[in-house]
Amino acid sequence: MADPPAKLTPTAEQLFRVRQELESLTRRYVEGLLASRASAESYAKWLGSVLDAVGDGLIVFDGDLQLVLANQSALRFAGWNVANLSREEFRLKYQFAPEKGQPPIAEGEEPIVIAMRENRSVEREGLLTGYLLPPDGVWVRVHAAPITSPEGQIVGGVTVFHDISERKRLQRQRDALATLITHDLKNHLAAERMFFDLLLEDYADRFDSSERELLSELRKGSQRYFEIAKTLLEIYRTERLESDFAPAETDLRALLRSVIELNAHPAALGGVQLKLTATDEAPRLTCVASALHQVFHNLVQNAISVSQPGQVVEVTARKSGTGAVVEVIDNGPGMSQEEVEQLFQPSTSASRLRSSLISSRFGLYLCRLLLEAQGGTIACRSVPGKGTVMTVELPLEHPRA
């Protein structure tokens with residue numbers, strides 16, 4: 001039977017070396033931990049400085065939508081205690097409305113809530129009011145986005161808001177000045193047109209045929225530019241249309257019937273027949289009805305103006321997918337492809353089209369603005385000598401609904 005191995009007893013020198021190694025490892029670990037902490041603190045301070053240097057306000061929420069961080073711009077903008085507010089307190093003290101005079105957006109529909117609920121970026125403009133803000137509030141553009149973990153889970157959200165009050169103020173001044181100038185021009189042209197009417201109707205016998213022909217051409221030119229001035233006024237009012245009226249559910253067929261009735265008399269005077277074809281599936285829309293009424297009124301007016309006695313102007317409406325399609329069809333002289341491409345452009349509508357198209361086609365730029373504000377589009381198909389089809393496509397829901 002073999003003898004058991006002898007028991008090894010470490011010497012004092014060996015124990016000392018082991019202790020030294022343990023102390024060295026511990027020291028290196030602590031030094032590394034302290035360095036890592038210092039690095040993290042330094043990085044946090046650097047990141048804080050970067051965020052504070054950003055001119056836009058920034059607020060970070062956790063996964064429960066509680067405020068966890070606000071940069072200096074947000075604190076100065078909304079009050080130094082904003083970072084200490086719960087979301088419920090924040091909602092009580094600050095409200096966000098799409099436009100002045102409109103109710104604030106409902107709870108659960110704030111940009112940050114939608115961003116985290118639907119995992120997408122959300123951007124909106126509106127008026128922010130609150131107890132530490134100016135009495136009239138502050139216009140802001142808000143951008144909200146979710147914060148996700150490496151695994152793709154939503155762990156929070158961030159809201160960035162930019163002060164656009166000065167831009168709004170300058171925009172209002174620009175619109176007021178443009179409206180004033182255009183209104184004065186419209187009044188001047190109206191007076192000029194009345195003067196030509198007076199000359200041609202009450203004093204026609206004092207002019208020879210060539211002079212009467214010249215006066216007639218001058219009156220037509222004055223009338224065309226009167227229509228342009230009137231349309232310009234409508235364009236400058238367009239940006240305010242969305243703030244003056246809220247989207248509401250609208251019966252599309254009823255709206256188109258109203259347009260047909262409004263244009264029945266001028267159509268009859270020109271010997272033009274109006275026809276409405278709306279299928280039973282023609283949908284109800286959430287829209288600004290007054291804006292759509294103006295669009296279709298302009299389109300029907302244009303179609304009547306280019307039609308000959310005995311011709312038909314047809315308006316059709318139908319549901320298509322998640323939207324509606326309305327067409328205004330005439331059998332007039334049609335247009336070339338070059339003219340079609342210029343129809344909806346602000347810089348060419350009054351300069352490159354032939355003079356006979358200026359007054360009736362200039363308003364198409366306005367139609368485009370009104371439709372785009374409601375998430376819609378307008379397009380034109382036309383063949384010289386074979387008429388024109390104006391196609392309007394609209395979503396069932398207004399973008400702001």
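This is a predicted model: local features need pLDDT of at least 70, side-chain atom pairs count only at pLDDT 80 or more; totals for chains, interfaces and linings use all residues.
Residues are numbered from 1 along each chain as its sequence is written, and side-chain values use heavy atoms, with hydrogens and water left out.

**View 1. Overview of the protein, with its 10 helices and 13 strands.** Helices (H or I, at least four residues) and strands (E, at least two) are DSSP runs numbered from the N terminus. Of the 401 residues, 38% count as buried, a term that stands for under 20% relative accessible area, with a 1.4 Å probe and protein chains only. Among contacts (heavy atoms within 4.5 Å) between residues at least 6 apart in sequence, 61% join residues at least 24 apart.

**View 2. The crossing of helix α7 (residues 252–269) with helix α8 (residues 289–305).** The two axes, which are lines fitted to C-alpha atoms over the stretch in contact, come within 9 Å and cross at roughly 40 degrees, the angle being taken between N-to-C directions on a scale from 0 to 180 degrees. The helices are therefore oblique to each other, the class left over when angles under 35 degrees count as roughly parallel, over 145 as roughly antiparallel and 65 to 115 as roughly perpendicular. Helix α7 passes α8 in a right-handed crossing, that is, with the near helix turned clockwise from the far one by less than a right angle. On the α7 side the contact is made by L252, L255, L256, S258, V259, L262, N263, P266 and A267, and on the α8 side by A289, L292, H293, F296, H297, V300, Q301 and I304. These residues divide into 12 nonpolar, five polar and no charged.

View 3. T250 counts as buried because its relative accessibility is 12%. Its C-alpha atom is separated by 6.7 Å from that of C287, which is 37 residues away along the chain. Not counting residues up to four places away in sequence, T250 touches L255, P283, R284, L285, C287 and A289.

View 4. With a relative accessibility of 2%, T388 counts as buried. The side chains of T388 and S382 are joined by a polar contact of 2.8 Å, meaning here a pair of N or O atoms within 3.5 Å, of which one must be able to donate a hydrogen and the other to accept it. Leaving aside neighbours within four places in sequence, T388 is in contact with V328, I329, D330, G334, M335, C380, R381 and S382.

Methods. Ala, Val, Leu, Ile, Met, Phe, Trp, Tyr, Cys and Pro count as nonpolar, Asp, Glu, Lys and Arg as charged, and the others, Gly among them, as polar. Buried means under 20% relative accessible area, exposed over 50%, partly exposed in between (1.4 Å probe, protein chains only).
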